[in-house]
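Reader: I would like a close look at one part of this model. Please take me through the sheet, and then through the contacts that tie into it.

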Amino acid sequence: MNRTRGQTTLDFAIGTSVFLLTVVFVIAYAPTLFDPFVGGTGTDLLVADRAATSLSGDFLAASTAEPGTLSVGCVGTFFDVSLDEAVQGVGCGGANLNSFDDDEGFSELLSLDGRNANVTIHELGAPASEPVTPEWASDPLVRSNDDSVPSDVAVSTRTVSIEGKQYRLTVRVW
């Protein structure tokens, strides 16, 4: 009995294609295996989210029982704006934001760990580059420890209420 090999051109093409697809998949997938262990923009996103939560639920909140309802006094102190006479007597409910007036204090308050951040309160439909200037404030509600905001930033937002009006609190970290 004479045996001959039964491989055809089609068998060879299918085998080679499967091998090449496997090699391409491994080369494309291997770099992402270590992404969770590399500090990058993912950590910036965590910092931005933590800062937004701390600001809207604790530091600027009228009460910790009502996160998202911000105190006019705390907002005025944090953003360093002069308040209108009608709301000038409103306090900040125990939060000592005066010790965080400079950039170092701002970074410490938001736990930035050497990162830069921009905190803005703006209208719900407006972009973060257009901060709101409510009737009770003298200046726009924006604070940053670096004047230039790059295009590649980690962003976290919260819907907040000040004096019964809805706004968006946006924290950008880079």
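This is a predicted model: local features need pLDDT of at least 70, side-chain atom pairs count only at pLDDT 80 or more; totals for chains, interfaces and linings use all residues.

Author: Strands β2 and β3 run antiparallel, joined by 3 bridges.

Now turn to the pairing of β2 with β5. Strand β2 covers residues 117-122 and strand β5 covers residues 165-173. They also run antiparallel, and 6 bridges join them. Here Asn118 stands opposite Arg172 in β5.

Next comes β4 with β5. This pair is antiparallel too, over 9 bridges. Ser161 has Gln166 in β5 as its bridge partner. The two strands form a hairpin with 2 residues between them. In that hairpin, Glu163 takes a positive phi near 55 degrees.

As a general point, strands of a sheet pair through backbone hydrogen bonds, either parallel or antiparallel.

Along the sequence, the pattern reads α-α-β-α-α-β-β-β-β. Of the 174 residues, 34% are buried.

Now the salt bridges. The structure holds 3. Side chains of opposite charge can pair when their charged atoms come close.

Start with Asp49 and Arg158. Their closest N and O atoms are 2.6 Å apart. Asp49 sits in helix α2 and Arg158 in strand β4, so this pair links distant parts of the chain, 109 residues apart. Asp49 is partly exposed, at 36% relative accessible area.

Then take Lys165 and Glu123. Their side chains meet in a salt bridge at 3.4 Å, N to O. Lys165 belongs to strand β5, while Glu123 is in the loop between β2 and β3, so the pair ties together parts 42 residues apart in sequence. Lys165 counts as partly exposed at 40% relative accessibility. Glu123 is partly exposed as well, with a relative accessible area of 31%.

Asp44 and Arg115 form another salt bridge, with the closest N and O atoms 2.6 Å apart. Asp44 lies in helix α2 (residues 41-59), and Arg115 lies in the loop between α4 (103-109) and β2, so the pair ties together parts 71 residues apart in sequence. Asp44 counts as buried, because its relative accessibility is 13% and the cut-off for buried is under 20%.

Back to the strands for one loop. Asp147 is found between β3 (142-144) and β4 (154-162). At 79% relative accessibility, Asp147 counts as exposed. On the surface, Asp147 gathers with Asp102, Asp103, Glu104 and Glu108 in a patch of negative charge.

For contrast, look at a buried position in a helix. Val75 is found in helix α3 (residues 72-78). Val75 is buried, with a relative accessible area of 0%. Val75 and Phe59 are 16 residues apart in sequence and 9.0 Å apart in space, C-alpha to C-alpha.

Definitions and conventions
Residues are numbered from 1 along each chain as its sequence is written. Side-chain values use heavy atoms; hydrogens and water are left out. Patches are made of residues with over 30% relative accessible area and no salt bridge: like charges are joined within 9 Å, nonpolar side chains (Val, Leu, Ile, Met, Phe, Trp, Tyr) within 5 Å. Accessible areas come from the Shrake-Rupley method with a 1.4 Å probe; for residues, only the protein chains shown count as cover. A salt bridge is a side-chain nitrogen of Lys or Arg within 4 Å of a carboxyl oxygen of Asp or Glu. Lys and Arg count as positive and Asp and Glu as negative; His and the chain ends are not counted. The place of a charge is taken as NZ of Lys, CZ of Arg, CG of Asp or CD of Glu. Helices (H or I, at least four residues) and strands (E, at least two) are DSSP runs, numbered from the N terminus. Buried means under 20% relative accessible area, exposed over 50%, partly exposed in between (1.4 Å probe, protein chains only). Two strands pair if DSSP finds at least two bridges between them.
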